[in-house]
Amino acid sequence: MWNKLGALAALAADNVAAHASAYAASCAGLLLTLAVWIAGLAVVEGQAQQSLAQARAGADVWVGARVLGRHAPLDPALAQQVAALVGVERVELRVVGTALAGETPILIVGVPALSLGSAVRLGEGRAPAVPGQALAGAELARELGLSPGTRLALDGALLQVFEVSGVLAPADALGGAKALLVSVEDAQALFAESRASNLCVWTRPGYAEATARAVERLQPGLIAITREQTATAIERAKSRGSGALSGLLAPLLAMATAAFAAQSWFVHSRRSQEIALYKLSGFSGGDILLLTAIENALVAVLLGTGALLIAWVWVRLLGAPLLAAFLIADLDAFPAQAVPARFTPLPVLLGFALAFASTATGSILAAWRLSLSSARQAFA
Amino acid sequence: MSANAAVFELLEVERQRPRAPLVGPFSLRVEPGCLFVLQGPSGSGKSTLLALLAGVESADRGRVLWQGSDMTRAAQSTLALARRGRIGIVGQAFALLEHLPLWQAVAVSGVPQGLRRAQQRRLALGALERVGVDAALALRLPRELSGGERQRAALACALLSARVGLIADEPTSNQDALNAARVVAVLRELREQGCALVLSSHDPQLQGCADRRLLLPPREGALP
């Protein structure tokens, strides 16, 4: 049995090679759809993976406030109250807002001066050493032509000039955003706001959940989210992103599969003489079905590999032009920086699974018809 | 299947189709080691009779037996299993797999037999050499061959299966005298090995070495 299977597989490989142009024409739509699908999923996975890594490296509890359903600033004195809770090891203020650099809106993130050097990944330059220095996100630096030493006037509540001391690595969480990282004090001065946007709280192991609930009891309107809750939210966002992408591409894949089915029908029709010869040579209908199934499996492997290769080049080498902007906020259609992407295991597995499913679905009718054809044609 | 059964047997076989020659009723019996030649003018039904015998056409009446097994209403898969490695068939169009190199097209009957690729190649090259097709042509596509070479290649393909029987429709029709003699020699060898052969032919050389012959009458209304 194995010898026969091997002989059929070898013949199937020869057939796929001999009918390569016909198969290529049939699979063009499937190839492009699968490439977009794999690339999109890889970007969604990569972004989620990066966010999860940042969340795991960040604070145990994030504290914010909402008043009448809108984000509200926090009194800095709250940091001392939180720091006094049992199990809390460290509390940091964050000030987040938007300022204008000319006509360009920029996200300003104020963090404690110590974190400016330790909690970020630098692409070039160095961490701010004195007040008035800032770190620019890679995308912002590209757009505004910023580099270490560049001065930048920002219009918040007040007009303030900052000097860029360094540029974040593209792989950093804020690297891809049009953001500027400054000290809390500088951010408060820029926005003429003595209050904080949120607090980041580090706790002793096992205290995160209890601390979050204790913080929420300190004042009405406070929201405390643990790292685990953040991870869950990221996973949910990833699922939504993947789902939206799949929802958009599923109809396209269905159309490409239908086109593949129609072309398979015509390609297989041209093979009736060939199949008649197989029958005359002792092939049973089952042998023909097995042969076409192996051919389809080989086509699916080639299709999946081709789609993966195109997706990889598109995302890794070209930076996912025209795709990343749909999936990641604040990115241009042609991003200059590396886009976070993860191809294994889900995008690769799903790509091959869809390739197998599409080719099998698209060729089943034509293969079944072929298996029923008579040897008469090869004899006449 | 009995031990002394005929390889091919037709019992009162008859077939009629619109715009096709009326065939039969015929009965014939071809034992192992017998060379049976069908003769008759064009349109007399030689090819149809061979197609009935090969199981690629179905009879309206009568029975078709292979080695004693009734194949008259046999399913395609039953016929395929019965042909596999036992019965070689060569049609009048000497069809070959056009998309594969010649040796692979010839070796295709080795696939359902589960022969390894190297073994397929060895057998195919041997069969091609036997019918006088140059080994240099084995890597070419069948469409690059002449009509005579194609016909001999189709016979080589059937030789890989013909351990028990061979059915061939005018196997020397496209051959020059030298190659026709070569084909006849191969068919004689097969007969000596105990293979039952049923052929149609206008070739006097082939008719001359037949053990038995059946002359089909001209079809009614056919041009002389």
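Predicted model: local features only at pLDDT ≥ 70, side-chain atom pairs only at ≥ 80, totals over all residues.
A salt bridge here is a side-chain nitrogen of Lys or Arg within 4 Å of a carboxyl oxygen of Asp or Glu. With that rule, 2 salt bridges are found across the interface of chain B and chain A.

One salt bridge to look at is Asp287(A) with Arg84(B), where the closest N and O atoms are 2.6 Å apart. In general, side chains of opposite charge can pair when their charged atoms come close. For polar contacts between chain B and chain A, the count is 9 residue pairs, with both residues at pLDDT 80 or more.

Which elements of chain B supply at least two residues each to the side that touches chain A? They are helix H1 (46-54), helix H2 (76-83), strand E6 (87-90) and helix H4 (117-130). H2(B) gives the largest share of that side, 4 residues. By residue class, the side of chain B that touches chain A has 15 nonpolar, 10 polar and 6 charged residues.

Now the interface as a whole. Contact involves 31 residues of chain B and 28 residues of chain A. The two chains bury about 2,400 Å² between them, and 62% of that is on carbon and sulfur atoms. On the chain B side, the residues that lose the most area to chain A are Val56(B), His99(B) and Val111(B), which together make up 22% of what that side buries.

Next, inside chain A, a helix pair. Helix H8 (residues 227-269) and helix H12 (residues 346-372) of chain A have axes that come within 9 Å and cross at roughly 35 degrees. Is the crossing of H8(A) and H12(A) left-handed or right-handed? It is right-handed. On H8(A) the contact residues include Leu253(A), Phe260(A) and Trp265(A), and on H12(A) they include Leu354(A), Gly362(A) and Arg369(A). The contact of H8(A) with H12(A) divides into 9 nonpolar, 9 polar and 1 charged residues.

Back to salt bridges. Over all chains, the rule gives 22. Within chain A, Asp60(A) and Arg227(A) form one, at 2.8 Å from N to O. This pair links distant parts of the chain, 167 residues apart: Asp60(A) lies in the loop between helix H2 (20-57) and strand E1 (61-67) of chain A, and Arg227(A) lies in helix H8 of chain A.

Last, some backbone geometry. Most residues other than glycine have a negative phi, and most peptide bonds are trans. Thr344(A) and Pro345(A) are joined by a cis peptide bond, with omega about -5 degrees. Pro345(A) sits in the loop between helix H11 (324-327) and H12 of chain A. Leu322(A) is not a glycine, yet its phi is positive, about 65 degrees. Where is Leu322(A) placed? It is in the loop between helix H10 (285-317) and H11 of chain A.

Terms used
Residues numbered from 1 in each chain as written. Chains lettered and ligands numbered in written order. Heavy atoms only, no water. Contact = heavy atoms within 4.5 Å. Buried area = accessible area lost by both parts, 1.4 Å probe. Polar contact = N/O pair within 3.5 Å; in protein donor to acceptor, adjacent residues only side chain to side chain. Nonpolar A, V, L, I, M, F, W, Y, C, P; charged D, E, K, R; others polar. Axes fitted to C-alpha atoms, helices over the stretch in contact; angles between N-to-C directions. Left-handed = near helix turned anticlockwise from the far one by under 90°.
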